[in-house]
Amino acid sequence: MDHNYPSEYSTDVQGEVTSQESTLAGVRAIVSKLEADLHSKGITLSGRIIHVTHYLPIITALKQNSDNGFVAPISPPKTPVADIVTLEAERAHHAVTTASSTESVQTPLSPTAGTDCPPEGSSSSKWLLSPRRGHTAMISGIRSLSSTHEQILLAWTGDIETGHGGSSQTHKSSVPAATLTDEDKITLEAEISNYTSPLDLGEGKKKLAEIYRPGDLIWVHDYHLLLLPRIFKSISKATADAYVGLFIHTPFPSSEIFRCLPRRKEILDGMLGANLVVFQKFSYGRHFGSSCVRVCGYESVHGGIDVAGQITRILHCSVGVDADRISQDILRPGVAPKLATLRSLYEGKKIIIARDKLDVVKGIVQKLKAFEKLLKDYPQWRGKVAMIQVTSPSLTDAPKLERQVSELVAHINGEFGSLDFIPVHHYHQTIKKDDFYALLSVADLALITPLRDGMNTTSMEYVICQQQTNKAPLILSEFMGISHTMAEALQINPWDLGGVASMINRALLMPEEERASRQAALYKVVTTHTSHTWAAILVRMLLSQIGTENMAHHTPYMDQSSLEKSYATASRRLLLFDYDGTLTPIVKVPSMAVPSEATLQALEKLSEDPRNLVYIISGRDSGFLEHHLGHLKNIGFSAEHGCFLREPGSTTWKNLTETLDMSWMPEVEELFEYYTERTTGSFIEMKKSSITWHYRAADPEWGLFQCKQCLDLLENNLVPKRPIEVLIGKKNLEVRPMAINKGEIVKRILYNNPKAEFVFCAGDDKTDEDMFRALCTLFTIGSTSATMEPPASAKLIDGEENAKDPVSLALTREGLFSTA
């Protein structure tokens, strides 16, 4: 049910391309404005962008010796990194730019990188480098940012190979990195003198920390590196405040599938270390958010996930292709002759083109079965339509799938073919670029049917190729990450064979006017939202998160030496502790949150020191605190978020709400009962001066939805009429008297103890933000001392006539420590 999903996963203005971002120039203008605004606020930006990917866009190969019967060709001169993605696989030996190391490399992507190359024909290097397929769109986008920012690419080289280094060479084997000689490494370093690199894959995070400078933007790409954001931010205090974005190029599964993973929480926590997580599609972000709520128990907030008060934003932006480069490539002299040959070969017949990796999720089997269904249900197409299916080798061998595809092709050709006609032409190979563009240009229909896919460049390349030829229709699977942006394509469910066959028939019979209309809309999308625009939008998205409240970062490390020194030298100390989540862990049943023996001993030892004044400031009622902690006579207590107060050494509680209007409680209780009846697992906790509705044991998404509905009713109907305020806690909703909170109690305690030279405050959730805020606002900018006005709670207890004068505090900035 749609309403079970929280509204924060609805379309966010930052998640869609606005009209102002319809062009690359428009996006870059927004980026420049954001950077200027941040500079004006005193926020440091270095102008650098660090991209972290799993693989470099090149394959590293070590030359073989002639003693082994194979002589590698002479290594040609290096070319700029900016040109790598434009080179053909068959001309790989003309595309050498740089390798990093045996394992990882830091690669500047400036247009002038690698210009200090050895003369052409140099054979001094032992290394051969060739383009790696499958990274074109991403690298093209990254490269485009070089015109506005300094670029650094940090990635693993992949397995070191021997032989030619190309994906199609036969003399290929892997070389363990540990077996490389010092000479090999030195030669490689000399060959790539413009770059530096760690020698081990496990050193990648350390290398990132080494090259990181405050103000850098960091973008981590794809599922291989999901743990990196959290790991990197945990390295040091400097990296804790880094600006990190995570882009997931692949689909993200629903929470029901993701929760089956044994290390599910570790993966989600790793991803939530980023300030911003971006997906190809809105639904992928919704799945991720749902997984965080259901698996980890985190709360969703508007636009993201709240982890211990820090918010990781969730947005979506699909990748494009380098439309300008493709438009130039289809004009290459080798394309037109092949196009003419194909037209002559298939004259009078319709051509369906399909290209996929040989992978189960690409839906090749379903596609062939749908084509067979077409020939059965629509016999008029027999002998008049041919499918050309190209399957490029995947990263791992799939002999079972290859056999299944081959048998299915043979079956279709045997049943519907003849001596002079073959309905399905299957090529399991990596085809040349000229052949590929000729096929896309000559086709009458492109059939792309993955069962799950993130980015699919073939569909976009097809649209660009068709602009100058047939303007033929495109059939896309609805399970692709780009399906929502290419709305004018004919979208199908690849599992519905009859539906796919019917859609193929419709596409082949489509009137020319409709074909032209759909092609124009698709062409506009493909040439507007390119890989360059995508990369610029990612920069804009991350810049938009900088300086926002609750931006995701680790709580800064306390300086332990300063803490110990300040504690030791202070003549009077004030220690303030929250209860749930600080002194005890969070539990589903509130009554089970009992302090451990070690915690009780530590509290008793702290309170026995005559220089210490210890308070426990909790949302619990006074009875609960008395039962579990009442024997600690030297500790002060604040119950129900500041409604009740018991001073150290006293046995009586002061009620700060005696003079307040509490007639609102029956109305709130009635409303909470309404939602309790409709939310399985929820319950009401009645306190003396507040009411709390808990939904921790309820379905997380349904409980959150009901909480928001209840909150809306409270804020619109009761809050404007009654002296109350609503507090959203961890899986609960609390209504309490206005102006009564933990912050006011902290002010009262500090006001009554102005000689305190050391203050330590510890808390864990939103309700403790009032404490942190009260302490952080004591000192104005540039001041070293503080003067405190009488807090509102002093008037509530002592009365207006007994209100005291402002006091000067002995506390300095250096003596204040909190977990905020």
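How many residues join S25 to S26 in the hairpin? The hairpin runs through 4 residues. This is a predicted model, in which local features need pLDDT of at least 70, side-chain atom pairs count only at pLDDT 80 or more, and totals for chains, interfaces and linings use all residues. Residues are numbered from 1 along each chain as its sequence is written, and side-chain values use heavy atoms, with hydrogens and water left out. Helices (H or I, at least four residues) and strands (E, at least two) are DSSP runs, numbered from the N terminus.

**Cavities**

- Rolling a probe the size of a water molecule over the atoms shows where empty space is left.
- A cavity here is a set of points, on a 1 Å grid over the protein atoms alone, where a 1.4 Å probe fits but cannot get out.
- Grid points are joined across faces, edges and corners, and a volume is the space filled by probe spheres set on the points.
- The count is 8 cavities of 30 Å³ or more.
- The largest cavity has a volume of about 390 Å³.
- It is lined by 26 residues, and Asp580, Arg620, His694, Asn732 and Asp765 are the closest to its centre. Lining residues have an atom within 4 Å of a point.
- The lining of the largest cavity divides into 12 charged, 7 polar and 7 nonpolar residues. Asp, Glu, Lys and Arg count as charged; Ala, Val, Leu, Ile, Met, Phe, Trp, Tyr, Cys and Pro count as nonpolar; the others, Gly among them, are polar.
- Four strands each supply at least two residues of this lining: S25 (683–686), S26 (691–694), S27 (724–729) and S28 (732–737).

**Strand pairing**

- Strands of a sheet pair through backbone hydrogen bonds, either parallel or antiparallel. Two strands count as paired if DSSP finds at least two bridges between them.
- S25 and S26, the hairpin strands, pair in the antiparallel sense over 4 bridges. Met686 has Ile691 in S26 as its bridge partner.
- An open sheet of 4 strands has the order S4-S2-S6-S7, with mixed pairing.
- Strand S4 (127–131) and strand S7 (174–175) stand at its edges with a single partner strand each, so one side of each has no neighbour in the sheet.
- Strand S2 (residues 58–62) pairs with S4 in the antiparallel sense over 5 bridges. Ile58 has Pro131 in S4 as its bridge partner.

**Strand S8**

- Strand S8 (residues 217–221) is mostly covered, with 5 of its 5 residues buried. Buried means under 20% relative accessible area, exposed means over 50%, and partly exposed lies in between (1.4 Å probe, protein chains only).
- Leu217, Trp219 and His221 are buried on one side of S8, and Ile218 and Val220 are buried on the other.
- S8 runs parallel to strand S1 (residues 48–55), joined by 4 bridges. Ile49 has Leu217 in S8 as its bridge partner.
- S8 also pairs with strand S9 (residues 243–248), in the parallel sense over 5 bridges. Val220 stands opposite Leu246 in S9.

**Positive phi**

- Most residues other than glycine have a negative phi.
- Lys471 is not a glycine, yet has a positive phi of about 50 degrees. Lys471 is in the loop between helix H15 (457–466) and strand S18 (474–477). Its relative accessibility is 28%, so Lys471 counts as partly exposed.
- Glu640 is not a glycine either, and has a positive phi of about 55 degrees. Glu640 is in the loop between strand S22 (635–639) and strand S23 (644–646). Its relative accessible area is 0%, so Glu640 is buried.

**Arginines**

- Arg332 lies in the loop between helix H10 (323–329) and helix H11 (335–345). Arg332 counts as buried because its relative accessibility is 18%.
- The Arg332 side chain makes a polar contact with the side chain of Asp434 (3.0 Å). A polar contact is a pair of N or O atoms within 3.5 Å; within protein, one must be able to donate a hydrogen and the other to accept it, and residues adjacent in sequence count only if both atoms are side-chain atoms.
- Arg515 is in helix H17 (residues 512–528). Arg515 counts as buried at 19% relative accessibility.

**Cysteines**

- The whole structure has 0 disulfides, a disulfide being a pair of cysteine sulfur atoms within 2.5 Å.
- The closest cysteine sulfur to that of Cys710 is in Cys707, 7.0 Å away, so too far for a bond.
- Cys710 is buried, with a relative accessible area of 0%.

Definitions and conventions
1 Å grid on protein atoms, 1.4 Å probe; cavity = no way out; pocket = protein on both sides within 12 Å on 5 of 7 lines; lining within 4 Å.
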